[in-house]
Amino acid sequence: MVTMTEVARSAGVSVSTVSHVVNGTRLVAPATRERVHHAMRLLDYRHHPIARSLAAGSNQTIGLALTAASNPYWVELVQGIDGEATRAGLNLIIVDTRDDARHEAAAVANLLAHHIEGLVIAPADGWRDLTLPLLRDHPVPYVIVDRIDPDLRADQVGVENEASTAAVIDHLISLGHTRIGMIAGISGLSTSAERLRGFHQAHQRFDRPIDPALIVDGSSTSEGGRKAALALLDLPDPPTAVFAANNDMTIGALGALRAAGVRVPRDLAVAAFDDFAWADIFSPGLTTVAQPSAAIGARAVQLLLRRMTDQDAPPQTIRLPAEIMHRESCGCTPPDLVSAGNH
């Protein structure tokens, strides 16, 4: 007996799209619907009432694949995804990728085995070689979140990393800092590369050279941030300001500075990417780039719902603006909240 999976493969759509065409449970674009009907005629597919009842019980789940780190950014992102999925009447299965391409591929394969209707994924470095082929072999709608790949034709949503980072570095330079250290994230991730480009962009705008020794790998972890901060302090000519490219690295860096007796901002100005609930409780308050985490998650689900409804819709890449939270750690009196790009 011909299955919906075979029809979906022949038509180049998801199983859920075939189900919606057959059962009339969701609007499907005319061109997509015709492809499905053509595949059904070609394969001599016969629909059965029992299959409809089974399909109705199985087409209500989407998957989410991302690192399950305790980073507050990811927690808020998941809340945004879960809230939007719930409003759409969808269940959510979350798998931990551990930011490792091999583990990610295995986790996504497990989701596909559960016949998910769609997938939201924050891809690990190396995902193109392992996970992306899985998604191409199984025509399941997917959306990339946070880590945008400009060379991939797919629905994607994230934040304005480059402009936001440049705005913070602009501000530090305007305060008179000529040696600014950067604690960079995991190499190979688009977010790390974009924030590094923003760091360079700001220096170029002010025609300031960058000492390569001032850019240190923090591996996107608290321990990496701690080691990177110590490495910057040990330089013969240490920086007068430091920018940490995510909040885990910021926590590690602040711990290292405190242990070393460095006073912020008197001895060293500090700014960071990612805001978190207690950033303004620190003494001094921490100047940060605040991402609209929950909004990014919600927008990802909205893009996924659109893709699930219309496989032929042109892919969209959406960049949401960040906000600079000016507090005392950068060495100035904090004004009101301002948009990225203003200082």
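**Reading exposure, backbone and packing**

A: Arg98 counts as exposed because its relative accessibility is 58%, where exposed means over 50% relative accessible area, buried under 20% and partly exposed in between (1.4 Å probe, protein chains only). This is a predicted model, in which local features need pLDDT of at least 70 and side-chain atom pairs count only at pLDDT 80 or more, while totals for chains, interfaces and linings use all residues. Residues are numbered from 1 along each chain as its sequence is written, and side-chain values use heavy atoms, with hydrogens and water left out.

Q: Which value does phi of Arg98 take, and where is the residue placed?

A: Phi of Arg98 is near 60°, a positive value in a residue other than glycine, and Arg98 is placed in the loop between strand S2 (91-96) and helix H6 (101-113); helices (H or I, at least four residues) and strands (E, at least two) are DSSP runs, numbered from the N terminus.

Q: At what angle do H10 and H11 pack?

A: Axes are lines fitted to C-alpha atoms, for helices over the stretch in contact, and angles run from 0 to 180 degrees between N-to-C directions. Helix H10 (residues 222-233) and helix H11 (residues 247-259) pack at about 45°, with their axes 6 Å apart. H10 is therefore oblique to H11, given that angles under 35 degrees count as roughly parallel, over 145 as roughly antiparallel, 65 to 115 as roughly perpendicular and the rest as oblique.

Q: Which peptide bond is cis?

A: The bond joining Val264 and Pro265 is cis, with omega about 0°, and Pro265 is found in the loop between H11 and strand S9 (269-273).
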